[in-house]
Amino acid sequence: MAPNISPLIIFLASIITSNMILSNFLGMCSYLSVSGEYRTATGLGMAVTLVLVLTTAINWLVYQYVILPLELVYLQYIIFIMVIAALVQILEMGMDRFTPDLHAKLGIFLPLITVNCAILGVTLFMVIRSYNFVQSLLFGLGSGLGWWLAINMLAAIREKMAKVKLPPGIRGPALSFIITGIMAMAFVGFSGIFTIQ
Amino acid sequence: MKKGHVYTLLFMLLISAVLTFALAAAYEGFKPAIRKNAALQEQRAVLYALGLDTGLKDAEVEAFYKDSIREGELNGVPVLVYGQGGPQAYAVPFEGSALWGALRGYLGVSAPLDQITGVVFTYQNETPGLGGRINEEVYKEQFRGLPITPDTVLSYGEGLDAVTGATQTSAAVLRTLNKALRESIFPGEAK
Amino acid sequence: MAVEKPRAIIRRTLLTDNQVLRAILGICSSLAVTNTMKNSLVMGLGLSFVTGLSSLTLSALRSVIPHRVRMLVQTLVISAYVIFVDLLLKAYLPDISKQLGPYVGLIITNCIIMGRAEAYAQSNPPIPAMIDGLFAGLGYTGVLLIISLIREILGFGTVFGMKVAFEGFVPWTIMIMPPAAFFIIGSIIWAISARQAKQAAKQAR
């Protein structure tokens, strides 16, 4: 049974109050390594959002119409990750063939995405929380946009910080983590900004 | 070493088959233990809501539960009743939605319906470390012993604190509990 | 190719290039469970188990795995072990399994495992590969435990659930919330890289 929560609330909450990175720590690897430059961060953010929406939709269908009827719940991790890997592969080939421009822009990021924890994470959360199709779709979209927002913010701050004199040893991942901590603290302040019902 | 398509395909099929078979076997092997744990957790939850969870060992829970808890009814709602002879307390199941997903659990009330004996959540999917902290003793223990009347509407403030940083989840918990009070424990009373 | 001695592998994975700190891999899924030490320990051990065994398996199969589908096979093998850990936890540690929730499944996407498979298991014999994976996982467990020790002491006043704080200690709620995890890991990395920078400067002189 799907919980009685408005999809819109799920959408907003997944961007702001329960951001994939800032409160769920998902998708950290590529978040840290691809946030050096604002433009590339935007590209990756876009690719993650696209893949998230598609994988939540497909994994939802797979879960409802394959995993549940065949009682394969204990194999779900393997099935979900294979769906994600296959989808990313197909997406990359399709883009290469039909939209070379888009492929040039997003293509290089696609292989990074299979192992992005946020993708599998959203699927697992969606299944555990037993969302219906619309809820899942908006949860996927919101999580993607939230992830995109976070990586763009970090990239923007890091670009500015590049010119600043800093204490020895802090530059690099340490700085990214501390910036992220401050952002996460600010985002905690958003909780309570909208009400359910 | 170059390998052809046929080999690749066969290899993938073989490895998938082996892994699936191994996992299916493992699953069958663990199934009884997983089932037993699920039942045990449910029983422990009921005892906790009734204020009876006094550090029983796993083996004792089942026997104690069998002896002292029976299925019953409260205002036409199926509940779990504690007490030899007359009922001493009821564990009333509740269900609602929190910030992220469904919320299920038991609300324990004393038999004269004048105080809460405990609250327990058996199913929740809030963010670990934030909303998920409604499962911590600090939060749940606050409800134990709260006096209730047909007019009670629980709210945060004196003696009842929300989980910091999880305003929405905390509010949803009270909404669900108030609904249970209104609909299952004091139905039909003027509000 | 010379095969590393087990002791050398252990020293390398635990001390000289501790996976989390040096490569900043695998932070992903696990920071969320570092608010208590018990969860961190179980998570870390589960991860070590998966890393060790998947490195062993992938290394044993390394000559028969077709190169083209290497990543796919790695993912399959890793997922299979993760499912096994998940079942194990559900059967014997149901409370913790419930608290860790989806984060057990997310071990699959933990970059450490794939990293060890790619960087070491692929080109080394099974036993050293297993030791390498196992201790990479244990080093990671160590880091998780340090983070959760700080968070649990300051956030709850407890260590492994036992009270250690003095009377009247006011818990720092922020420590249990996500931002603290970022600050702590940021500070640890800062401390280590500052020390390394100093050593490098000393050697250069």
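Quick housekeeping. This is a predicted model, where local features need pLDDT of at least 70 and side-chain atom pairs count only at pLDDT 80 or more, while totals for chains, interfaces and linings use all residues. Residues are numbered from 1 along each chain as its sequence is written, and chains are lettered from A and ligands numbered from 1 in the order in which they are written.

Back to our helix. Is helix 7 of chain A enclosed or open? Well, 11 of its 12 residues are buried, so the rest of the structure largely encloses it. Buried means 20 or more other C-beta atoms within 10 Å of the residue's own, exposed means 12 or fewer, and partly exposed is in between, with C-beta atoms placed from the backbone. Among the buried ones are A:Cys117, A:Gly121 and A:Phe125. The cover includes helices 3, 4, 6 and 8 of chain A, plus helix 6 of chain C.

Now look at helix 3 of chain A, residues 38-67. It packs on helix 7 at about 40°, with the axes 9 Å apart. Axes here are lines fitted to C-alpha atoms, for helices over the stretch in contact, and angles run from 0 to 180 degrees between N-to-C directions. Contact means C-beta atoms, placed from the backbone, within 7 Å. By class, that contact has 10 nonpolar, 4 polar and no charged residues. Nonpolar is Ala, Val, Leu, Ile, Met, Phe, Trp, Tyr, Cys and Pro; charged is Asp, Glu, Lys and Arg; the others, Gly among them, are polar.

Two loop residues in chain A deserve a glance. Most residues other than glycine have a negative phi. A:Ser130, in the loop between helix 7 and helix 8, has a positive phi near 40°. It has 15 C-beta neighbours inside 10 Å, so it counts as partly exposed. A:Glu71 sits in the loop between helix 3 and helix 4, with a positive phi of about 55°. With 8 C-beta neighbours inside 10 Å, A:Glu71 counts as exposed.

Over to chain C, which has 10 helices and 2 strands. Of its 205 residues, 53% are buried. Helix 3 and helix 7 of chain C pack at about 30°, axes 9 Å apart, and are therefore roughly parallel (an angle under 35 degrees). This crossing is right-handed.

Finally, how many residues does each chain give to the contact between chain C and chain A? It takes 35 from chain C and 36 from chain A. On the chain C side, helix 10 gives the largest share, 11 residues. That side divides into 27 nonpolar, 8 polar and no charged residues.

Note on methods. Helices (H or I, at least four residues) and strands (E, at least two) are DSSP runs, numbered from the N terminus. Angles under 35 degrees count as roughly parallel, over 145 as roughly antiparallel, 65 to 115 as roughly perpendicular and the rest as oblique. A crossing is left-handed if the near helix is turned anticlockwise from the far one by less than a right angle, and right-handed if clockwise. Two residues are in contact if their C-beta atoms, placed from the backbone, lie within 7 Å.
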